[in-house]
Amino acid sequence: MDFSQPKKHPQKANKKRLTNEQVKLLETSFNFNNKLDSTRKSQLAQELGVPARQIAIWYQNKRARWRNQSLETEHKTLQQRLERVSSDKNRLEREVERLKGELEKAKDLLVSSKSMNYASLPSFSSSCDDVGSSSLLGDHGDFYVCFDDHQFDHKSNGHDFFARTMS
């Protein structure tokens, strides 16, 4: 009685492992063109002394490894980019909150300063462009300030509008 298992893939016994030189030649060929046409497949099989099917399978496996490696590289690049963008977003959110605080302080200072004569303030305009202008009075009216370095003294009436206060 023969209790040995029947061979499921009898061709595997005939399949030879590729030598380092054969792999180098296939790698060179793959780097030149990762698609294999039938002419090139036959040429490589004859040159290497292996079945054409083995060349086709090697190319198929190599393409799969190459795709996986490319995806891993792309994933790492995107992950690093995401980390940088997230860091920038967090930094910008903190900056927005800081600027909102400064804006509130400036609004409060202007609203509470009832003795301030608006006509005496330099370079106030209601026709500012969007850059460098802000609504300092919010719901208290449409009052916009344009900031030009040569026209605006940020220490108007003895108050430094941009100085950080200790809280």
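**Helices, salt bridges and confidence**

Biologist: Does Lys62 count as buried or exposed, going by its relative accessibility?
Modeller: Lys62 counts as buried, because its relative accessibility is 16% and the cut-off for buried is under 20%. Please keep in mind that this is a predicted model.

Biologist: And which residue forms a salt bridge with Lys62?
Modeller: That is Glu27, and the closest N and O atoms of the two residues are 3.0 Å apart. Glu27 itself counts as partly exposed, because its relative accessibility is 24%, which lies between the cut-offs of 20% and 50%.

Biologist: Which residues are buried in H1?
Modeller: The buried ones are Gln22, Leu26, Ser29 and Phe30. Looking down the axis of H1, these buried residues fall within an arc of 100 degrees, so they line one face of the helix.

Biologist: What covers the buried residues of H1?
Modeller: The cover includes helix H2, which is residues 38-48, and also H3.

Biologist: And which exposed residues are on the face turned away?
Modeller: On the face of H1 turned away from its buried side you will find the exposed residues Asn20, Glu21, Lys24, Thr28, Asn31 and Phe32.

Biologist: Back to salt bridges: how many does the structure hold?
Modeller: The structure holds six salt bridges. One of them joins the side chains of Lys89 and Glu93, at 2.7 Å from N to O, and both residues lie in helix H3, four residues apart, or about one turn of the helix. Lys89 counts as partly exposed at 47% relative accessibility, and Glu93 counts as partly exposed at 39%.

Biologist: Why would residues three or four places apart point the same way?
Modeller: An α-helix has 3.6 residues a turn, so residues with that spacing point the same way.

Biologist: Which side chain does Glu95 meet in a salt bridge?
Modeller: Glu95 meets Arg98, at 2.5 Å from N to O. Being three residues apart in helix H3, Glu95 and Arg98 are separated by about one helical turn. Glu95, Arg98 and Glu102 are also linked in a network of salt bridges.

Biologist: Zooming out, how many helices and strands are there in the protein?
Modeller: There are three helices and two strands, and along the sequence they follow the pattern α-α-α-β-β. Of the 167 residues in the protein, 19% are buried.

Biologist: Where is confidence lowest, and where is it highest?
Modeller: Confidence is lowest in strand E1, residues 133-135, with a mean pLDDT of 46, and highest in helix H3, residues 52-112, with 95. Over residues 123-144 the pLDDT is below 50, although this stretch has 38 contacts in the model beyond near neighbours in sequence. Residues 146-154 are also below 50, with 18 contacts of that kind. Where pLDDT is low, the predicted coordinates should not be read in detail.

Biologist: What pLDDT does the protein average?
Modeller: The average is 76, and 59% of the residues score at least 70.

Terms used: Residues are numbered from 1 along each chain as its sequence is written. This is a predicted model: local features need pLDDT of at least 70, side-chain atom pairs count only at pLDDT 80 or more; totals for chains, interfaces and linings use all residues. Side-chain values use heavy atoms; hydrogens and water are left out. Buried means under 20% relative accessible area, exposed over 50%, partly exposed in between (1.4 Å probe, protein chains only). pLDDT is the predictor's confidence in each residue, from 0 to 100. Contact means heavy atoms within 4.5 Å. The arc is that of the directions from the helix axis to the C-beta atoms. A salt bridge is a side-chain nitrogen of Lys or Arg within 4 Å of a carboxyl oxygen of Asp or Glu.
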